[in-house]
Amino acid sequence: MDAEQGITEQERMPYSDEQRERTLAQLRELMGGEPPADMLALARQRDEEFARRRSHAA
Amino acid sequence: MIGRVLDSSSLVHWARRSSPYVSAVIFSRAEHEGYIVPVVTTAPAVTAALAQIPDAAVAVLDALVRMEICVVDDLTPGSAPGVAEVLRAAGPYAAEQLTAASVVHAARRRDIPVVTSNPHPLVTLADRMGIELEIDLIP
């Protein structure tokens, strides 16, 4: 990895409740609702898997 | 929770509303509280996606790239050496692989996975850089 690796920390921007609600409302409008629950669960499961692999790699 | 890089195939699915998984990845990043967990893509990937979607879908893609949770990495003189380092693995296919290299570079900068439904152009570059590909088999 190169010197750019810290970019995720550099990019970590505050996300207010107002921004969050606005973004979620826009996404619901574009999607015609929320994504299917099983897909959200799969995305969360993969987040956990990635997190485990990253912690082992560290 | 960590961010995700969306390649051009994922952007096409987003714009066409054709992958529930890509929608779930984006929505779940947006749900995170406190700080932005980014949905990352690159200018070459956006360009490639725009070339493959109908006019009616352009507004959907445009809305995503304008959201506060979305980060689009430009291909600039400053970023060119880093993308070229990834692209070196493509050898004589470098010109065709430029979009894929920009995507892998964006993932490598942040140490996060790439979501794709078309892994073929990414596999060699991602493997060489130690980047995980999250294959969307849903569509």
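This is a predicted model: local features need pLDDT of at least 70, side-chain atom pairs count only at pLDDT 80 or more; totals for chains, interfaces and linings use all residues.

Visitor: Why is V65(B) called partly exposed?

Guide: Count the other C-beta atoms within 10 Å of V65(B) and you get 16. Buried takes 20 or more, and exposed takes 12 or fewer. The count of 16 falls in between, so V65(B) is partly exposed.

Visitor: Which residues is V65(B) in contact with, leaving aside its neighbours within four places in sequence?

Guide: Those would be V46(B), C70(B) and V72(B). The test for a contact is C-beta atoms within 7 Å.

Visitor: What makes up the side of chain B that touches chain A?

Guide: On chain B, 31 residues are in contact with 30 residues of chain A. The elements giving two or more residues to that side of chain B are α2 (20-31), β2 (34-35), α4 and α6 (98-110). The largest share, 10 residues, comes from α2(B). By type, that side of chain B divides into 18 nonpolar, 5 polar and 8 charged residues.

Visitor: How do you know that strand β1 of chain A pairs with β2(B)?

Guide: Pairing needs at least two bridges. There are 2 bridges joining β1(A), residues 14-15, to β2(B), so the two strands pair, and they run antiparallel. In β2(B), G34(B) is the bridge partner of Y15(A).

Technical notes
Residues are numbered from 1 along each chain as its sequence is written. Chains are lettered from A and ligands numbered from 1 in the order in which they are written. Two residues are in contact if their C-beta atoms, placed from the backbone, lie within 7 Å. Helices (H or I, at least four residues) and strands (E, at least two) are DSSP runs, numbered from the N terminus. Ala, Val, Leu, Ile, Met, Phe, Trp, Tyr, Cys and Pro count as nonpolar, Asp, Glu, Lys and Arg as charged, and the others, Gly among them, as polar.
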